[in-house]
Amino acid sequence: MMNSLHGFMPSLPLTTMNCSNEPEISPPTGVVSTGSPRHKKARALKSSSRRPAKALCSECGLCDTYYIHYVKDACAFLNQQFVPLETKSHGRTRDLNNWDDVYFGVHQEMMAARKHHPIPGAQWTGIVSSIAIAMLNQNLVEGVVCVQNTKEDRFQPRPIIARTADEVLAARVNKPTLSPNLSVLEEIEQSGLKRLLVIGVGCQIQALRAVEDQLGLEQLYILGTPCVDNVTRAGLQTFLDTTSRSPQTVVHYEFMQDFKVHFKHEDGSEETVPFFGLKTNQLKDIFAPSCMTCFDYVNGLADLVVGYMGAPFGWQWMVVRNDRGRSMVELVKDELDFQPVTSQGDRHGAVQQSIPAYDQGVTLPMWVARLIGIVIEKIGPKGLEYARFSIDSHFTRNFLYTQRHYPEKLAQHIPAFAQRIIQQYQLPH
Ligand code: FAD
Ligand code: SF4
């Protein structure tokens with residue numbers, strides 16, 4: 001455990017960072033600025049209940065605003081465009097001959113970290129909330145797009161623009177459901193905010209990057225989390241009802257690196273269920289179709305990504321994609337322990353076996369599941385290899401789903417890096 005990480009160098013002075021210094025790509029057809037005729041036309045539009053991605057819509061929130069005008073270019077499920085957006089955001093796109101790039105996206109550095117003093121009630125140790133609070137306190141940003149919950153339901157997302165540390169803190173912990181984070185985009189332009197941090201998952205960030213130039217911002221920082229297998233609120237209930245011993249008291253859960261789902265209950269008690277004991281036959285259909293066709297698990301367009309899956313158990317995993325992301329880590333580095341990322345094991349056999357098992361909805365008796373869990377925890381993939389295991393399992397499953405349900409989308413929708421990953425496996429037809 002270390003206080004500072006080898007290779008973690010101070011970034012450029014924060015004041016010199018400006019989105020306009022980034023390499024340019026062409027904005028969506030015909031758009032040059034928030035004053036352009038196309039943007040004025042967009043502003044004249046009313047919020048819509050229309051969702052052009054139809055069943056594939058992840059409810060990212062863009063279409064709840066007049067930015068729906070850009071949806072054909074911007075929606076992650078209508079127009080997959082990692083290459084131009086990575087190039088614009090990070091100065092380059094993934095090197096397909098570099099497996100770390102292929103799996104984890106463009107990055108300068110990866111590390112494992114955790115807070116010396118975790119934030120009570122955060123999803124992990126609260127690195128995401130701490131960075132957002134530091135950015136507000138140091139006046140680097142005037143607002144933070146994040147997700148609180150509604151009064152009635154702790155898991156029902158309520159996106160807001162937080163202006164204070166307390167509002168950011170109130171947004172800590174995952175709302176493990178589809179969340180319309182971008183529904184606050186109109187508010188940004190109307191409130192005159194010029195410096196903003198957005199916290200979000202991949203599909204939200206893809207659409208945000210695509211309309212970034214239309215927001216009228218001077219500075220945009222993006223703090224992403226990985227995301228996979230998200231669900232509607234009703235789908236979440238099915239998951240809780242079929243998996244937890246006490247669904248109504250769950251306050252927090254996470255699929256962790258020890259191959260178990262960890263539930264935390266209102267009374268502080270913990271419950272674990274091995275992945276291999278999940279009732280796959282009942283859960284197969286709860287994931288949103290958007291998530292079954294998503295290949296942006298690692299949030300490739302964020303400046304900084306904070307998750308857990310590439311880190312040892314109990315630690316968070318940080319992927320610094322560019323100088324803006326580096327400057328965000330700088331702000332909180334004295335509050336964190338760091339250690340280098342490591343990798344152990346070989347995922348390939350386990351992934352290959354999981355493909356038909358998932359496809360056929362195999363559900364194991366709990367004692368068998370626990371036994372497999374114990375063995376795999378001892379000899380299974382760890383660190384970055386665990387992250388690769390999870391990416392491989394989801395990408396192969398999502399490829400099959402897309403091929404079966406949206407064959408016409410295969411060519412355009414599956415990015416080259418995902419194709420490289422999938423090609424390592426034999427898939428059923
Ligand atoms: P906290 O300080 O508790 O802050 C959490 C932040 O998440 C808040 O700022 C809040 O605004 C934001 N948030 C909450 N719900 C949502 C939502 N539905 N959409 C967008 N933003 C939201 N990491 C992995 O390594 N592998 C995974 O498979 C994985 N799946 C995830 C799925 C979802 C739906 C989400 C939201 C996150 C997922 N993560 C995953 C990230 C991980 O669970 C933690 O969120 C991350 O490590 C940050 O922890 P923290 O303690 O620093 O966050
Ligand atoms: Fe609109 Fe977002 Fe749904 Fe795409 S995913 S249709 S951009 S709300």
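This is a predicted model: local features need pLDDT of at least 70, side-chain atom pairs count only at pLDDT 80 or more; totals for chains, interfaces and linings use all residues.
Residues are numbered from 1 along each chain as its sequence is written, chains are lettered from A and ligands numbered from 1 in the order in which they are written, and side-chain values use heavy atoms, with hydrogens and water left out.

The secondary structure of the protein chain amounts to 17 helices and 13 strands; these are DSSP runs numbered from the N terminus, with at least four residues of H or I for a helix and at least two of E for a strand. Of the 429 residues in the protein chain, 57% are buried, where buried means under 20% relative accessible area, exposed over 50% and partly exposed in between, with a 1.4 Å probe and protein chains only. The accessible surface of the chain is about 18,200 Å², and carbon and sulfur atoms hold 54% of that surface. Such areas come from the Shrake-Rupley method with a 1.4 Å probe, and for residues only the protein chains shown count as cover. Among contacts (heavy atoms within 4.5 Å) with a separation of 6 or more, 71% join residues 24 or more positions apart.

Strand S4 covers residues 195-200, and because five of its six residues are buried, S4 is largely enclosed by the rest of the structure. S4 runs parallel to S2, joined by three bridges; two strands count as paired if DSSP finds at least two bridges between them. In this pairing, valine 145 has valine 198 of S4 as its bridge partner. S4 also runs parallel to strand S5 (residues 219-224), here with six bridges, and isoleucine 199 is partnered by leucine 223 in S5. In a regular strand the side chains alternate between the two faces of the sheet.

An antiparallel pairing occurs between strand S7 (residues 260-265) and strand S8 (residues 270-274), over five bridges. Valine 261 is placed opposite valine 273 in S8. The two strands form a hairpin with four residues between them, and glycine 268 in the turn has a positive phi of about 90 degrees.

Helix H12 takes in residues 323-332, and it is largely enclosed by the rest of the structure because eight of its ten residues are buried. The buried residues include Arg324, Arg326, Met328 and Leu331. At the N-terminal end, asparagine 322 caps H12, with a side-chain oxygen 3.1 Å from the backbone nitrogen of arginine 324.

Glutamate 86 belongs to helix H3 (residues 82-90) and counts as buried because its relative accessibility is 1%. Its side chain makes polar contacts with the side chains of threonine 93, at 2.7 Å, and arginine 94, at 2.8 Å. A polar contact is a pair of N or O atoms within 3.5 Å; within protein, one must be able to donate a hydrogen and the other to accept it, and residues adjacent in sequence count only if both atoms are side-chain atoms. Beyond four places in sequence, glutamate 86 also touches Val106, Gly300 and Leu301, among others. The C-alpha atom of glutamate 86 is 9.9 Å from that of glutamine 206, which lies 120 residues away along the chain.

Arginine 94 is in the loop between H3 and helix H4 (99-104). Its relative accessible area is 6%, so arginine 94 is buried too. Leaving aside neighbours within four places in sequence, its contacts include Asp101, Tyr103, Val298 and Phe417.

Ligand 1 has 33 residues around it, of which Trp124, Ser129, Lys175, Glu254 and Tyr308 come nearest; a residue is near if one of its heavy atoms lies within 4 Å. Helix H5 (127-137), strand S2 (143-149) and strand S9 (304-307) each give at least two residues to this shell, and H5 has the largest share, with three residues. The shell is made up of 17 nonpolar, 13 polar and three charged residues. Here Ala, Val, Leu, Ile, Met, Phe, Trp, Tyr, Cys and Pro count as nonpolar, Asp, Glu, Lys and Arg as charged, and the others, Gly among them, as polar.

Polar backbone atoms also approach the ligand. An oxygen atom of ligand 1 is 2.8 Å from one in glutamine 123, an oxygen atom is 3.4 Å from one in threonine 125, and an oxygen atom is 2.9 Å from one in valine 128. The protein covers 98% of the 920 Å² of accessible area that ligand 1 has on its own.
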